[in-house]
Amino acid sequence: MTNEQLIAHLTSAYPDANVKQGNQYPEITVSHDKAHALMVHLKSDASLAFDYLVCESGVDYPAFIQVVYHLESTMHRHFIVVKTNTENRETATLETVSDIWPTAEFHECEIYDLLGVTFNNHPGLRRYFLDDTWGHPLRKDFKDDIHVVER
Amino acid sequence: MAAIIEKIITTDEIKTDEYLVNIGPQHPSTHGVLRLLTKLEGEIVHNVEPHIGYIHSGIEKMTEALSYPQIVHLTDRMDYLSAHMNNEAVCLCVENALQVEVPERVKYIRTIFDELQRLASHQLWWCASGMDLGALTAFFYGLRDREDILDIFEETCGARLTLNYSVPGGVMFDIHPNFQKNVKAFITKFRKKLPEYDKLLTDNIIFQNRTKGIGILSKEDAIAYGVTGPSGRASGFSCDVRKHHPYSAYPYIKFDEKMGTEGDSFTRWKLRMDEMWESMNIIEQLIDNIPEGDFAVKMKGVIKLPEGEFYQRVETARGEFGVYIVSDGKKNPYRVKFRSPGFSNLFTINHIAKGWKIADLVAIMATFDLVIPDIDR
Amino acid sequence: MAFEKYDFTPITQSIHQGLIENVSPLLTTIIEWTIIGVLYLLFIAVFGLFLVYAERKVCAAFQQRLGPMRVGPWGIIQTIADFIKLLMKELITPKSVDKFLYNLAPFIVIIVPFLTISVIPFAPGLQSLDFDIGVFFVTAVSSVGVIGVLLAGWASNNKYSLIGGMRSGAQIVSYELSVGMSLITMVILAGTMQVSEIVELQRGGWFLFKGHLPALIAFTIFVIAGTAETNRGPFDLAEAESELTAGFHTEYSGIKFAFFFLAEYINLFIVSAMATIVFLGGWMPFHFGDWAAFNNVMDFIPGLVWFFLKVFGIIFLIMWFKWTFPRLRIDQILTLEWKYLLPINLFNILLMATMVLLGWHW
Amino acid sequence: MKSFFNYIAEIFSGIWTLLTGMKITAKYFFTPWRNVTQQYPENRDTLVMYERFRGEVIMPHNENNEHKCTGCGLCENACPNGSIEIISKSIVNEEGKKKRIIDQHIYHLGMCTFCNLCVRACPSDAIVMGQKFEHAHWDRSTFTKVLNQPGSKIMEGIKE
């Protein structure tokens, strides 16, 4: 599907999600409680068939943490960006998508480690890079006087 | 006596315990500082749990304090064997965001460099994998031929490994006057050397027994685990970014996306060998046709990206590399995420290596071509 | 024959006579034993160091490098410097090893080459033990080494070492069979197990040529199995660098490590020497049919030189294997032995026996 | 019977592949003049680096001990690692005007990643990349260099 068709299809299929054309790709923004169900549909819907999770990244915003999923369909070769926000920054929690795309298991561990987003139902959430004495360094309010030297 | 043995066998009194072995962080076959917490029974691998982060350098955090040209030079340090592709990814992302059209000459130069870098990376992979499998001579032959490419790099951009050749808007220097001549000489030479690689290892019966049918990754799993690059294509997952989302000069040229079907170690190996031939074909199509023109467009002194999010994918030697830039309109990005191919590729190892022997685990890791800074970032 | 003038028997006999006329027989024996012991010790140390140097140079040449070049001209005293370094290094004993066995293992490993080297005839008259079961003695004694390797692997209290030791055990136990059987094939041809006699029988032509096809098969198998028995690449599973870091000698340092290292190279020499003796006529010069002039020229080269030329030829072959082939996997090593080498070997023994019975050999 | 012939064929094809491999290594063994090793410290005299080689940042001075650096600080801004520090001073020139010129161009070689961004940023081509690569030293403090030579002046005609 082209981007326009994709947007049209998504708008009709998911009325409660915010679908728009981003800078490059169609973007869906969806609330955190509906995200998992939406993404199950994105994969299982034969006309969409987003079976390849390209990238999963977290972005720290002042009020929430946004998790961004870049999805591609290896069958139809269309590309989409799904965004979902956590409720707040303090107890940032989301539903895991590792049951949909196994690769998410590892990307989510990374996000948990560096941004402090806890993923529910994750098979083995652990810190990949840092040990427990660290905070979550990719958060904007992260301060580390020992390791980071401001100049 | 027979009764006792019978009893022991039937009552499971002989028990072999699983035991844990730390392969790494300092181990010859992990190619860096990677720890594989391996559960073994005898020689059989039961579980592999990769532990990473030993050389995590916080590049994503560092980029938040740097301007865009400065970010480019940091990406050299992630996948140092695909340095130019990483540079290019950031540059393309910035250029796309600013809607800058780079000159044709830049596109050609970048693509030639991409392929040279891919050749160099695959050569290093070939020799290091050979060493993992015990063929030490392969290591030196691979490095010997890689040296020629590094000399070409050094002549044009002054560095051998951390090139930092791409800059937003073009390339840092124009190509050296000898560049085309040297590249052509290298291709002629390497076309003779590459069959030797096959004779030394690929056709070798010991090598084939070590790799054929070992560590099979199905196409479905490759897609689900996001295994890209030669490793993914060996499983039949068509994931070549150069083909599906062409960038730079890739739209202008004809090349095949090499595909495998088996998904075993040998297919992954053979696929990379084929890719080397294909890279040489690509370079030969481009090297004589580099158009005249500027080697960079004039960019502003301080590059500021418009507000928004930008994603750029390129194909490195290891797979799909993605740059995700969130900009808030300032000269520093708000957030940069690098989607590194090694990260996704590494974590399939548990899935693949289960049930094989330690020696096979080493062979599987070798054919996945892991670069640890790429994983740790 | 001309080369008889290089016979060492008169020298050894005169020493023996001189001693026995002047001192008591007991003292004579003691003095002779000491001399022989010191000579072997020196030989093993010097030859081991030389082999290490040769290996480094040979592998460098295969890999288009120069190898050691810094210490001495062309790096010739590099290995001596390395040996001094190893001597001066601290002997680290890890905390939870089985101390007795840990310390015993390197000695068991180094004893083997000392025992086996005693039956090797370097030149006419230059052999210290001439059993009538010489070939059998070599095969029997060389299998003691595996005990040392197993002990080292087990006592180190290191999982890598244990895997390495166990691999080595499985490997040597299997390949012993092939080594023994290919020797048996040749013993059938020779009709004796006495090493000096085997060499003497090859006066008219080396067994490799005398026994043609079966001897060639036996030779190939012997070289392959010998490589495996000395734990060298492509069969270096016990110390597979990329899998087990250093295998059974991971935890050893200093001179104990040097023992393992030295034993490997002396074992290499012994395998090559046995191949030379049994297949290539030991110190016998190379003769070609009726070419009298050619044969006379060959006879002028001393037996000692002939022996070492052949030994180096086979050592080079084994090094060539190591620096060309990738390593096998443990199950493939066992498959190679039990599914390929052993059946071929059994068939070969039958072939050889038939041939000897019917007199088809030269 | 067929499997028996397969067994034999397998052995011979296997040995053949091994022999082809050995042929390759033997080819290089017996052609030692093709060796690629360079005897590094000995060949130092003949060793020429490529002209674009990025070894260190240097500031060329002419025979009158003059350089081109105006002390504008663009290289300091461009440097990703903070390996360049510009210390400027103000002087009063002949016309009685106050003017800021370079006092010390400090370059921390130990922190430099040789990315060439400072050289690109320099508007007056005052700094270039040098070819020297033998930087190893016993004392870390020697890695902090002052690029402008003592008593050096800015060249005539360099725009501020």
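The contact takes 26 residues from chain B and 22 residues from chain C. Keep in mind that this is a predicted model. Several elements of chain B give two or more residues to the side that touches chain C. Strand E1 (19–23) is one of them. The others are helices: H5 (104–132), H6 (136–157), H8 (205–211) and H15 (358–368) of chain B. By class, this side of chain B has 14 nonpolar residues. Seven polar and five charged residues make up the rest.

Stay with chain C and turn to its helix H1, residues 9–22. H1(C) has 14 residues. From its first C-alpha to its last, the helix reaches 20 Å. That is close to the 20 Å expected at 1.5 Å a residue. Is H1(C) buried or in the open? The number of buried residues among its 14 is zero, so H1(C) lies largely in the open. A residue counts as buried here if 20 or more other C-beta atoms lie within 10 Å of its own.

Now move to chain D. Strand E3 (residues 84–92) and strand E4 (residues 98–108) of chain D pair in the antiparallel sense, over nine bridges. One place to look is D:Lys89, whose bridge partner in E4(D) is D:Ile101. E3(D) and E4(D) form a hairpin, with five residues between them. In the turn sits D:Gly96, with a positive phi of about 85 degrees.

E4(D) also pairs with strand E6 (residues 144–146) of chain D. This pairing is antiparallel too, over three bridges. Here D:His108 has D:Thr144 in E6(D) as its bridge partner.

Notes: Residues are numbered from 1 along each chain as its sequence is written. Chains are lettered from A and ligands numbered from 1 in the order in which they are written. This is a predicted model: local features need pLDDT of at least 70, side-chain atom pairs count only at pLDDT 80 or more; totals for chains, interfaces and linings use all residues. Two strands pair if DSSP finds at least two bridges between them. Helices (H or I, at least four residues) and strands (E, at least two) are DSSP runs, numbered from the N terminus. Two residues are in contact if their C-beta atoms, placed from the backbone, lie within 7 Å. Ala, Val, Leu, Ile, Met, Phe, Trp, Tyr, Cys and Pro count as nonpolar, Asp, Glu, Lys and Arg as charged, and the others, Gly among them, as polar. The expected span of a helix is 1.5 Å times one less than its number of residues. A residue is buried if 20 or more other C-beta atoms lie within 10 Å of its own, exposed if 12 or fewer, and partly exposed in between; C-beta atoms are placed from the backbone.
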